[in-house]
Amino acid sequence: MKIRPARKTTELRGSENPLLDFASALNRGAEGGTAALEARLELRAPRRSQKSKRRKKLGIYYVVDRDGAISTGIREDQPARAQRYLEGHKARKLNELLGRVLPGSLKFATIIADHVDNVHKSAKTRGQRRRAAAVEYQSVILNRFFGDKTLSEYRMQMSIDFKNQYIDERNAFYDANPHILRKNPETTATQLLRLLRYAVRSYPERHGCFWVLNIHVPKPGPKNPARWLRRQEVARLLLACKGYKWDYERGEWMTKDIVRPDGTVVTTRRVAPENVAKRKHLARLIRFIIRTGTRHDVMLSLAWGSRMKLPCVVADAEGDGWIHRRGLAEIDTLKARPSTEIVEDLKYLIRAWGREDGYILPDGTISKEPVHKYLIRPSVGGNYESYLNIQFRKLCNDAGVSRDVTVHSLKHTAVSWAYQRGISLAAAEQMLGTTAETLLSHYVHWGRDSRVSAMSEFNDRVSRRKLRNIHHHDPAPDDRVRPYDRPFKGRARQK
């Protein structure tokens with residue numbers, strides 16, 4: 001860490017505490033040198049770039065100990081608050097030190113087993129018993145790495161090694177079994193370490209101890225940005241909604257033979273016809289987002305007819321109408337949800353879905369209370385109470401689409417396809433419900449057709465001829481002469 005120049009240095013030390021002295025003595029005897037609990041407050045000057053002519057910037061208190069300097073973010077005019085921060089810092093260091101020294105040879109396996117027993121005892125409902133069974137399964141994975149180690153042996157690097165080892169093992173398992181649904185092993189490893197941290201923190205409280213050992217949980221790595229889908233991949237997803245399954249070994253759709261009543265044998269690709277009813281509304285979700293760019297959370301609340309507190313679709317028997325991404329009486333949030341008209345590609349779907357859900361009656365009138373209220377709903381009716389990430393992940397696995405595809409990739413696809421077709425940013429901003437800056441910075445992806453058209457424009461002879469006729473070094477007649485536009489007055493270079 002770069003040390004800032006100190007304008008003024010003062011030290012504020014905490015009050016004497018026998019427990020602190022005891023832990024400091026243990027720490028000196030175990031590791032030698034200056035104890036980690038001997039921390040002090042140091043006042044440092046602000047950065048030079050923060051200096052202002054209007055008023056004098058105040059210094060910032062730093063906590064300095066054996067591990068380095070930590071900024072408290074507290075200015076020099078609040079010494080009492082800085083003192084409280086120092087005492088809290090020492091208390092945290094004390095808990096970590098006592099967790100390593102006092103338990104002695106206490107093993108992680110003992111703590112994990114105690115936590116599993118406590119979870120099983122407190123499980124009363126079916127959901128709690130299911131959770132207890134999941135904790136017991138997760139404890140087996142933790143014991144395989146941490147079980148034979150004691151608390152005094154724990155270091156931060158052990159959590160990092162566990163996470164890397166778990167990710168490598170799961171990726172190797174998925175590569176060997178491509179038909180199994182892939183999950184993100186990094187997320188699972190983080191959940192396991194959080195479970196271990198909770199077990200270690202709750203053990204002293206249950207047994208009347210006063211030490212706490214902090215288990216380090218590494219922060220998740222950078223997420224891969226969502227990508228857009230090609231038409232072939234979207235077609236695969238829609239076919240998987242109709243009962244198709246991808247064969248990873250042969251690189252084509254699975255097939256099966258069906259014997260008809262007359263005895264003839266027919267080969268079909270619909271190997272899972274039961275998925276047609278289950279994934280019917282996933283197909284709706286895909287078709288709707290591809291054409292409108294509506295976000296995932298808005299889609300799950302989209303209802304038929306005018307709604308005051310729900311996103312809604314208001315249309316007539318011909319499919320003409322509006323998509324209101326927020327309720328008619330809802331207040332808009334930071335993520336704008338503007339209303340847009342129903343485009344031509346979506347009108348025939350609105351007509352078919354409206355008749356199927358009872359919103360458009362057979363005589364062509366509109367029902368105020370349709371049979372099905374929500375546009376996207378499970379097969380049993382009602383609405384989805386949580387996101388469809390798991391269902392969509394299973395769909396991608398059956399369709400043979402790579403695992404980096406998410407539901408949000410559909411919005412990226414809608415924007416990218418619109419941009420590649422040459423739709424202006426103003427029209428895309430109005431119809432897709434996203435600002436032009438966000439479209440360009442996050443959602444727009446160039447396709448091969450866009451690259452070809454751009455190359456053809458740069459290779460056009462007429463455009464190149466016009467480009468050569470422009471004198472880029474001459475300022476405009478009404479432009480003030482800038483320093484780099486003034487003629488050179490020095491001696492000419494000898495040739």
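## Where α4 meets α5

The crossing of α4 and α5 is right-handed in this predicted model. Helix α4 covers residues 126-146 and helix α5 covers residues 156-176; their axes come within 11 Å and cross at roughly 120 degrees.

On the α4 side, the contact is made by Ile 141, Leu 142, Arg 144, Phe 145 and Phe 146. Helix α5 answers with Met 158, Asp 161, Phe 162, Gln 165, Tyr 166 and Glu 169. Sorted by class, this contact of α4 with α5 has seven nonpolar residues, one polar and three charged.

## α7 against α9

Next up is the pair α7 and α9, with axes 9 Å apart and a packing angle of about 155 degrees. Since the angle is over 145, α7 is roughly antiparallel to α9. The crossing of these two helices is left-handed.

Who touches whom here? From α7 come Val 234, Leu 237, Leu 238 and Cys 241, and they meet Leu 282, Ala 283, Ile 286, Arg 287 and Ile 290 in α9. The class count for the contact of α7 with α9 is eight nonpolar, no polar and one charged.

## α9 against α13

Helix α9 also packs with α13: the axes of α9 and α13 come within 7 Å and cross at roughly 40 degrees. The crossing is right-handed. From α9, Ile 286, Ile 289 and Ile 290 take part, while α13 brings Leu 410, Lys 411, Thr 413, Ala 414 and Trp 417. These residues divide into six nonpolar, one polar and one charged.

Ile 286 and Ile 290 of α9 turn up in the contact with α7 as well as in the contact with α13.

## The second largest pocket

Which elements each supply at least two residues of the lining? They are α7 (231-241), α9 (280-292), β11 (340-341), α11 (344-357), α13 (408-420) and α14 (425-432). By class, the lining has 15 nonpolar, two polar and seven charged residues.

## Glu 318 in its loop

One last stop is a loop residue. Glu 318 sits in the loop between β9 (312-315) and β10 (321-324). Leaving out residues up to four places away in sequence, Glu 318 touches Lys 347 and Arg 351. Both numbers fall in the 344-357 span of α11.

How far apart are Glu 318 and Ile 360 in sequence and in space? They are 42 residues apart along the chain and 9.4 Å apart in space, C-alpha to C-alpha.

Methods:
Residues are numbered from 1 along each chain as its sequence is written. This is a predicted model: local features need pLDDT of at least 70, side-chain atom pairs count only at pLDDT 80 or more; totals for chains, interfaces and linings use all residues. Side-chain values use heavy atoms; hydrogens and water are left out. Axes are lines fitted to C-alpha atoms, for helices over the stretch in contact, and angles run from 0 to 180 degrees between N-to-C directions. Helices (H or I, at least four residues) and strands (E, at least two) are DSSP runs, numbered from the N terminus. A crossing is left-handed if the near helix is turned anticlockwise from the far one by less than a right angle, and right-handed if clockwise. Contact means heavy atoms within 4.5 Å. Ala, Val, Leu, Ile, Met, Phe, Trp, Tyr, Cys and Pro count as nonpolar, Asp, Glu, Lys and Arg as charged, and the others, Gly among them, as polar. Angles under 35 degrees count as roughly parallel, over 145 as roughly antiparallel, 65 to 115 as roughly perpendicular and the rest as oblique.
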